[in-house]
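Notebook open, viewer open. I'm jotting down what I look up as I go.

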Amino acid sequence: MKIFTSSQIHELDKYTIENEPIESIALMERAAKALTQAIVGVWNNSTPVIVFAGPGNNGGDALAVARLLSERDYKVTVYLFNITGSLSPDCAQNKRRLQEIKRVQFIEVTEEFDPPQLESGMLVVDGLFGSGLNKPLAGGFASLVKYINASQAQVVSLDIPSGLMTEDNIYNVRANIIRATMTLTLQQPKLSFLFPENQPFVGQLRVLDIRLSQEGIDKMEAAYTITEESLVRSLLMDRNAFAHKGQMGHALIVAGSYCMAGAAVLAAKACLRSGTGKVTVNTPRRNIPILQISVPEAIVQSGNDETIFTDMVETDDFDAMGIGPGLGQSEQTAVALISQLRRAQCPIVADADALNILANHRAWMQQLPKGIILTPHPKEFDRLEGHSADSYERLTKARNLAERIQGYVIVKGHYTAICLPDGHIVFNPTGNGGMATAGSGDVLTGIITGLLARGYKQAEACVVGVYLHGLAGDLAAQELGEESLLASDIVNYLPKAFKRLKE
């Protein structure tokens, strides 16, 4: 699914109007019907409704929704804010339509505004400002937003919570953004909905299909997309009935230090569960008994040190390498790490302490091989590239990093972002809060490494691996619940994730 910018959303509306063809007021009515149907499905007509409409097309949507709700016997009060005396043409048309309905209490605010009492049990329909907003709310509108947020009423925002901008909110005034109970967005989610700091404003999100031109959607280039399950299914490789382990890939996992053997265990198990034929784990000597007992299917080797990674491993015999989980950050390990990264002859996934070491040796970033996959969580990324004020700034830096090193940067989170070397960003929709537990990242490293060894290209391994990781977590949470979810549960549910996709 493509995610469009605010200017692209406007262009798509225009394309639909010109090519369906359909009048803009009729397209607004189509959107209003979808919005009304969604509201009716949650709040019954015993709920008093207060509609706040702005002077633009978002306000036009709100006025149309008010009319359609009144036709379903809802008690509706409407406040249209026309401070400048200039309404968009479609908003003005819906104003005239609404004024013909006597049972709706309609107030047009041009100067003074006497706010209604907002109480628990009421529903506020927020149609003040839509996706075209490009600066923070101020003055009377900011005061109104704060008044709504301070009330006990539930709030449904049309398309986007008023005050929230579609992409970049780094300089926004967060106190002046509607905190919606539910956001009913049109056709596609907005980029800002995917960032954790904006979730309190968006509330429960529903995406409504208003049948904008599919041809227009297909033609329009998008810098951002959300992975769809159909894409992942199409990328999955078949397993030849005559295959043997030597044809299924040999993965190397360089992980673990003394007292951190669990990271190596989780990465190795996940790697094996991802379909690769053989997995070799390089880990310090003291971890060998643990690995051989915990992961009997893996080959285990070590360097000369008892407790840390100090000796580079030749990679000629391996099809992919995952490095970093539980590795530690000693200077000896750091030297061995950069040597390993520089001389590796196979695709690489670098995670955890590999990233922390690179953050402590910034000059080494220039020596990373092309095609490397970095899998930081937000704090690890900030150590690499400096503190970010919000997720949009972090995402921009991650895209720039991927382009600069000509590699792949996976910023982990609820909507994990995969930044490709060509500047495109792919968001992942699977996963849940139960996966916020130690070891989940080690599992992801193992999955992607296993897919690379199996023969997937880097971009495919990133998209499929992140999706599988989240899907396994979702399947585990369905049976076990989120609170008690462990990283090892994600590994254990990988077979079910594969099975679901292949069915």
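Is A477 buried or exposed? I find A477 buried, with a relative accessible area of 15%; buried means under 20% relative accessible area, exposed over 50% and partly exposed in between, with a 1.4 Å probe and protein chains only.

Ground rules before I go on. This is a predicted model, where local features need pLDDT of at least 70 and side-chain atom pairs count only at pLDDT 80 or more, while totals for chains, interfaces and linings use all residues. Residues are numbered from 1 along each chain as its sequence is written, and side-chain values use heavy atoms, leaving out hydrogens and water.

**A477 again.** I place A477 in helix α16 (residues 458-480); helices (H or I, at least four residues) and strands (E, at least two) are DSSP runs, numbered from the N terminus. Leaving aside residues up to four places away in sequence, A477 touches N432, E482 and L485, contact being heavy atoms within 4.5 Å. I also checked G433: it sits 44 residues from A477 along the chain, and their C-alpha atoms are separated by 9.3 Å.

**Whole chain.** I count 18 helices and 18 strands in the protein chain. The C-alpha trace spans about 85 × 45 × 40 Å along its principal axes. Of the 503 residues, 59% are buried. I looked at contacts with a separation of 6 or more, and 74% of them join residues 24 or more positions apart.

**α2.** Helix α2 (residues 24-40) has 17 residues, which should span 24 Å at 1.5 Å a residue, and its end C-alpha atoms are 24 Å apart, so the two agree. The expected span is 1.5 Å times one less than the number of residues. I see α2 mostly covered, with 12 of its 17 residues buried. Among them are I25, L27 and M28, but also E29 and R30.

**α9.** Helix α9 (residues 261-273) has 13 residues and reaches 18 Å from first C-alpha to last, close to the 18 Å expected. Its buried residues are A261, A263, A264, V265, L266, A267, A268, A270 and C271. What do they pack against? I get β10 (250-254), β11 (278-282), α10 (288-294), α15 (440-454), α17 (487-492) and α18 (494-502). After α9 comes G275, with a positive phi near 100°.

**α3 and α4.** The axes of α3 (residues 57-70) and α4 (residues 89-99) come within 8 Å and cross at roughly 20°. Axes are lines fitted to C-alpha atoms, for helices over the stretch in contact, and angles run from 0 to 180 degrees between N-to-C directions. α3 and α4 are therefore roughly parallel; the cut-offs are under 35 degrees for roughly parallel, over 145 for roughly antiparallel, 65 to 115 for roughly perpendicular, and oblique for the rest. On the α3 side I note N57, G59, G60, L63, A64, A66 and R67, meeting D90, C91, N94, K95, R97 and L98 in α4. By class, the contact has five nonpolar, four polar and four charged residues; Ala, Val, Leu, Ile, Met, Phe, Trp, Tyr, Cys and Pro count as nonpolar, Asp, Glu, Lys and Arg as charged, and the others, Gly among them, as polar.

**α13 and α14.** Here the axes of α13 (residues 378-385) and α14 (residues 391-405) come within 11 Å and cross at roughly 60°. That makes α13 oblique to α14. P378, F381, D382 and E385 in α13 meet R394, K397, A398, L401 and R404 in α14. I sort this contact into four nonpolar, no polar and five charged residues.
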